[in-house]
Amino acid sequence: MATIQLEVVSPDRQVCDKEIAMLIVRSTGGELGILPRHAPLVTGLVPHAMRIKLNGQDEQLMAVGGGFMEVTPQKITVLASAAEEPENIDVNRAKEAYARAKQRIATFKQAPKEHQEIDIDRAQLALARAMARLTATHTAFD
Ligand code: ATP
C-alpha cells in the first residue's frame, strides 16, 4: 500500500513522525484529504480533530489547536500551535475549557454592550480547541 510520511510538530515537541495511508484535516478553506503523491500545498489549519488513516481499516484521531500544514508528494508536515494524541489529552481539563468558553460566549451574546471586556473571537477559538480535544477522545458535548 502506498504511504506518505506524517510529521506533526508542536512548540514543545515532535508529536508524531510515521508513515500513514491518508490524512483528513480541516483547513481554513475546508476539509482536505491528503493521499500519497498529493500535489504540493501549504494551508492554514483550524482547531479540530485530524483523522489519520494508518491503512484500510485503522484510523487514529489527533487534536490540533490550529496551525499550518505543508504537503509535498512524499511528506505532510503539520506545524501546530498545540497537538495531542488522545492518550495525552486531559479530558477533565478539556471539559472545563469547553464550559468556560461556552459561558463566556453566552454572557457576551446576552448583553454585548455590557461585556465589551470579553474577546469573543478568543472565546470561540478556545471553544473550538476544547471541542477538538473532546472529539479526539470520543467525549460527548452538547
Ligand atoms: P486551557 O484553557 O485548558 O489551557 P487551551 O485550549 O487554552 O486550554 P492551548 O493554548 O491550546 O490550551 O494549549 C496550551 C498547552 O496545554 C499545549 O501544550 C497543549 O498541548 C496543552 N493542553 C491544553 N489543553 C490540554 C488538555 N485538555 N489535555 C492535554 N494537554 C492540553
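In what pattern do helices and strands follow one another when the protein chain is read along the sequence? The pattern is β-β-β-β-β-β-β-β-β-β-α-α. This is a predicted model, where local features need pLDDT of at least 70, side-chain atom pairs count only at pLDDT 80 or more, and totals for chains, interfaces and linings use all residues. Residues are numbered from 1 along each chain as its sequence is written, and side-chain values use heavy atoms, with hydrogens and water left out.

**Stop 1: the whole chain**

Show the protein chain as a cartoon. There are 2 helices and 10 strands. Helices are DSSP runs of H or I with at least four residues, strands are runs of E with at least two, and both are numbered from the N terminus. Along the principal axes, the C-alpha atoms fill a box of roughly 55 × 30 × 25 Å. The chain has 142 residues, and buried ones make up 40% of them. Buried means under 20% relative accessible area, exposed means over 50%, and partly exposed lies in between, with a 1.4 Å probe and protein chains only.

**Stop 2: the ligand and its shell**

Now select the ligand. Its space is the largest pocket. A pocket is found on a 1 Å grid over the protein atoms alone: it is an open set of points with protein on both sides within 12 Å along at least five of seven lines. A molecule sits in a pocket if more than half of its atoms lie within 2 Å of the pocket's grid points.

The elements that give two or more residues to the shell are α1 (91–110) and α2 (120–136). Colour α1: this helix gives the largest share, 4 residues.

Next, show the side chains around the ligand. They belong to Ala82, Glu84, Asn88, Ile89, Asp90, Arg93, Ala94, Ala97, Arg100, Arg129 and Arg133.

How many residues of the shell are nonpolar, polar and charged? The shell has 4 nonpolar, 1 polar and 6 charged residues. Here Ala, Val, Leu, Ile, Met, Phe, Trp, Tyr, Cys and Pro count as nonpolar, Asp, Glu, Lys and Arg as charged, and the others, Gly among them, as polar.

**Stop 3: contacts with the ligand**

Start with Glu84. A polar atom of its side chain is 2.5 Å from a ligand oxygen. Move to Asp90. Here a backbone N or O atom lies 2.8 Å from a ligand nitrogen. Then pick Arg133. An N or O atom of its side chain is 2.9 Å from an oxygen of the ligand. The protein covers 68% of the 600 Å² of accessible area that the ligand has on its own. Such areas come from the Shrake-Rupley method with a 1.4 Å probe.

**Stop 4: Pro86**

Pro86 sits in the loop between β10 (83–84) and α1. Pro86 and Arg133 are 47 residues apart in sequence, yet their C-alpha atoms are 7.7 Å apart in space. Pro86 has a relative accessible area of 26%, so it counts as partly exposed.

**Stop 5: His48**

Select His48, in strand β6 (residues 48–53). Is His48 buried or exposed? His48 counts as buried because its relative accessibility is 3%. Look at its side chain. A polar atom there lies 2.9 Å from the backbone nitrogen of Arg26. The side chain of His48 also reaches the backbone oxygen of Val46, at 2.8 Å.

**Stop 6: two residues with positive phi**

Go to Arg37, in the loop between β4 (30–34) and β5 (41–45). Arg37 is not a glycine, but its phi is positive, about 70°. At 66% relative accessibility, Arg37 is exposed.

Jump to His138, in the segment after α2. His138 has a positive phi of about 55° and is not a glycine either. Its relative accessible area is 71%, so His138 is exposed.

**Stop 7: two pairs to end on**

Select Gly56, in the loop between β6 and β7 (59–64). Gly56 is exposed, at 66% relative accessible area.

Finish with Lys18, in strand β2 (residues 13–20). Lys18 is partly exposed, at 24% relative accessibility.

Methods
A residue is near a molecule or strand if one of its heavy atoms lies within 4 Å of it. A polar contact is a pair of N or O atoms within 3.5 Å; within protein, one must be able to donate a hydrogen and the other to accept it, and residues adjacent in sequence count only if both atoms are side-chain atoms. On a 1 Å grid over the protein atoms alone, a cavity is a set of points where a 1.4 Å probe fits but cannot get out, and a pocket is an open set with protein on both sides within 12 Å along at least five of seven lines; lining residues have an atom within 4 Å of a point.
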